[in-house]
Amino acid sequence: MSDYVIVTDSSADLSAEMVGELDVSVLPLSFILRGTTLKNYPDNRDMSPAEFYRLIREGEMPTTSAVNMQEYVDFLAPILEAGKDVLVLAFSSGLSATCQSANLAADELRERFPERKIEVVDTLCASLGQGLLVWYAAQKRLAGESMEAVRDWCEENKLHLCHWFTVNDLMHLKRGGRVSAATAVAGTLLQIKPVLHVDNEGRLINMAKARGRLAALDALVKKVGETGTDLSEQVIFISHSDCLEEAKYVGEKIKEEYHVKDVVYNFIGPVIGSHTGQGCVALFFLGTQR
């Protein structure tokens with residue numbers, strides 16, 4: 001069986017520790033803050049999440065830019081030169097042009113390295129939802145499964161990877177065009193918190209409204225019971241934008257009610273966090289449907 005490398009991008013929000021444990025390669029995406037372009041590395045070498053969200057609280061408005069084809073070419077070429085094949089698990093095409101850049105790079109690199117195999121999966125996932133799909137892929141590679149088998153599993157199961165989240169500040173969603181200005185103002189005044197998910201096209205969709213933060217967090221917990229499968233065998237991923245205690249509230253309730261195998265937490269990185277703002281809690285698990 002040919003040796004292969006699993007590659008993803010930093011919108012997967014995997015910690016540096018988990019990247020090492022899983023033995024995956026992560027292409028850092030970019031964010032722009034105070035006129036400076038920074039990279040979202042898993043080890044946070046350019047900026048820590050705590051510092052990033054402190055600046056958001058102080059009124060800074062970061063922006064993001066998708067990775068271009070050449071960046072993907074430059075990242076993948078050394079792996080191929082080392083004689084390894086590549087499985088790319090890319091950020092949702094419904095939210096970014098990153099996957100398109102990966103596919104364009106793959107086309108170019110197949111001509112340069114005809115003896116190597118390059119596969120690109122549009123995960124239709126984001127944040128630790130993408131990270132969870134990468135985690136499953138890495139477990140399967142560790143068990144000895146071929147790149148083609150892992151690719152096929154990801155394609156067959158990505159629409160069973162549920163994404164549910166809530167935000168504390170509707171104004172950041174308004175900036176990204178996810179809610180209208182009127183909805184954002186009214187929701188802020190009335191303490192209405194949206195409950196959103198990522199749909200089958202990989203886009204953010206507003207699904208419900210909760211009156212108050214606690215009700216929104218409880219709504220996330222409820223979603224696990226509604227569609228989750230084989231919960232006692234599942235590892236649940238929860239990401240947060242500098243609100244670990246609220247993320248743990250959700251995680252502990254899920255453990256108590258559904259007896260899941262484990263819960264893993266990590267920060268929402270600057271790329272995703274530029275659009276959610278501070279105070280987002282996001283929940284990811286396998287279910288019957290998204």
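**Close-ups of a predicted model**

**View 1. Helix 3 (residues 69-81) and helix 4 (residues 98-112) pack at an angle of about 45 degrees, with 8 Å between their axes.** Bear in mind that this is a predicted model. Two packed helices are described by the angle between their axes and the distance between the axes. Roughly parallel would need an angle under 35 degrees and roughly perpendicular one of 65 to 115, so helix 3 and helix 4 come out as oblique to each other. Their crossing is right-handed. On the helix 3 side, the contact is made by M69, Y72, V73, L76, A77, L80 and E81. Helix 4 brings T98, S101, A102, L104, A105, E108, L109 and R112. Sort the residues of this contact by type and you get ten nonpolar, two polar and three charged.

**View 2. Here we zoom in on S101, a residue of helix 4.** Is S101 buried or exposed? Its relative accessibility is 9%, and buried means under 20%, so S101 counts as buried. Leaving aside residues up to four places away in sequence, S101 touches V67, N68, M69 and Y72. Two of those names, M69 and Y72, also turn up on the helix 3 side of the helix contact.

View 3. Strand 3 (residues 29-33) is joined to strand 4 by five bridges, and the two run antiparallel. Look for L29, which stands opposite N40 in strand 4.

**View 4. Now for an open sheet of six strands, with mixed pairing and the order 10-9-8-13-11-12.** At the edges sit strand 10 (204-211) and strand 12 (262-267), each pairing on one side only. Neighbouring strands are turned by 20 degrees against each other on average, direction ignored. Strand 11 (residues 235-240) pairs with strand 12 in the parallel sense, over six bridges. Within strand 12, V264 is the residue opposite F237.

Methods: Residues numbered from 1 in each chain as written. Predicted model: local features only at pLDDT ≥ 70, side-chain atom pairs only at ≥ 80, totals over all residues. Heavy atoms only, no water. Pairing = 2+ DSSP bridges. Helix = DSSP H or I, 4+ residues; strand = E, 2+ residues; numbered from the N terminus. Axes fitted to C-alpha atoms, helices over the stretch in contact; angles between N-to-C directions. Buried < 20%, exposed > 50% of the residue type's maximum accessible area, 1.4 Å probe, protein only. Contact = heavy atoms within 4.5 Å. Parallel < 35°, antiparallel > 145°, perpendicular 65-115°, else oblique. Left-handed = near helix turned anticlockwise from the far one by under 90°. Nonpolar A, V, L, I, M, F, W, Y, C, P; charged D, E, K, R; others polar.
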